[in-house]
Amino acid sequence: MSEFRMPSLGADMEAGTLVEWLVKPGDAVKRGDVVAVVETQKGAIEIEVFEDGLFEKTLVEIGQKVPVGTPLALIGHQGEPETPVPEPPPAPPSPVKPEIPAPAPEAPQPIPAPPQPPSEIPPSPTEVPPAPPPEAGAAHIRISPAARRLAEQSGLDIARIAGSGPEGAIVLADIAARIGKRVETPQVPEPAAGERAAPLSGMRAAIAAAMAHANRDIPHYYLSHTMDLSAAEAFVAARNAGKEPQDRLLVGALFVKAVALAARKYPEFNGHHVDGAFEHSPVVHVGVAINIRGTGLVAPAIHNADQLDLDTLMAAMRDLVTRVRAGRFRSSEISDPTITISSLGERGVDTLFGVIYPPQVAIVGFGTPALRPWAVDGMIGARRTVTITLSGDHRVSDGHRGALFLGAIAGNLEKPEAL
């Protein structure tokens, strides 16, 4: 038997609120299955289990906020012996007492009748009345408790709803989509002159805390390099010829792959600085900064980005952006990045110097590709260029190695056919 605990989803996370269980006691689970949804300052995050077994028992109720590391449930394992229930020890024999003459018997007293229990016992303020049992026809349908409650409140027949959760389970998002329920981000008006601004949102406060920690504790150094992007753009145009928009490759996928390969070559930029020491990661999980409109940004990981072909990488990026903006990303995607990329796309900014997200030790920035005068074979012409930047942790690397790392990224983009 092992404990499934509240995971740490970033250096700035101290606690999380359990929003939804996606499995129930008795269900078999395997590594990578999404079993719960937890609300953090970054939003609602799907929590995965990292071992095979049997989901035995929940230890935390929905709506309860608990610190990182708190056991949430128990996971049993195949072949594991059941914990024996100890039998109570036999009662010791009564000691033999000397006989004492019994006193004269008293008149028997009437035995009072036991009090009758009240017909209805009101719950205490801390108790929550149990949810009514599901209908007989819906008992076999896999549905999370939160989704079932919302369906009952909305009068929906869950037998007519296709689930998108594990093994076709109906989750809260399926019910919300069916009834057209959306969680709108409130628009905070600009404060008038003399007024105090509204307090930071949860995500903004989390970002501020992490960046303050990074600027205080990480000795940053910064490098930049501008390169000709013509070869990469010509490669992308040739690959996209005749393809539907949803199947086309974007230059951003080349950025991710180029950084991942360079991080594999220069391992001091790929890993975590923990407890005063750098831990190199044997895998390259590239975090991609994604803007969540009106709220902030997150940088979930694309796992093993150095090993993915460009089409698979592009599909993974599309899926990640879609899920993040819908508020559906997973715990491993938040906690696993070993290096981060931030790109301003078409925002019109030439150069971006990022702040390292602890415990990572590097962040790579890409400015907006733009036409600039460029010398080619001694002739000046207009070429599409991009400025690549590196923010590095001076405890782990230095400017010399950083320059080699940036050069490797540019070299990979200059030979896109090798990516």
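Start by selecting D398, which caps the N-terminal end of α8: one of its side-chain oxygens sits 3.2 Å from the backbone nitrogen of H400. Keep in mind that this is a predicted model.

Now colour the whole of α8, residues 399–414. At 1.5 Å a residue, its 16 residues should span 22 Å, and the end C-alpha atoms are 22 Å apart, so the helix agrees with expectation.

Which residues of α8 are buried? Pick out G402, F405, L406, A408, I409, A410 and L413. To see what covers them, show α5, α4 (230–240) and β9 (220–228), along with β17 (339–343), β18 (362–366) and β20 (379–393), which are among the covering elements.

Next, the nonpolar core. The largest one has 72 residues, and F366, F405 and I409 have the most contacts inside it. Helix α5 (residues 251–265) supplies the largest share of this core, 11 residues. Zoom in on F366: its contacts include F255, V259, I341, L352, I388, I409 and L413. Then jump to a second, separate core of 9 residues, with I141, A147, A151 and I170 among them.

Last stop: an open sheet. Select its 4 strands, which are ordered β1-β8-β6-β3 with antiparallel pairing. β1 (2–5) and β3 (28–29) are at the edges with a single partner strand each, so one side of each has no neighbour in the sheet. Finish on β3, which 2 bridges join to antiparallel β6 (residues 53–58). Click V29 and look across to G53, its bridge partner in β6.

How values were computed
Residues numbered from 1 in each chain as written. Predicted model: local features only at pLDDT ≥ 70, side-chain atom pairs only at ≥ 80, totals over all residues. Heavy atoms only, no water. Pairing = 2+ DSSP bridges. Core = buried A, V, L, I, M, F, W, Y, C linked by side-chain atoms within 4.5 Å. Buried < 20%, exposed > 50% of the residue type's maximum accessible area, 1.4 Å probe, protein only. Contact = heavy atoms within 4.5 Å. Expected span 1.5 Å × (residues − 1). Polar contact = N/O pair within 3.5 Å; in protein donor to acceptor, adjacent residues only side chain to side chain. Lists of a residue's contacts leave out its neighbours within four places in sequence.
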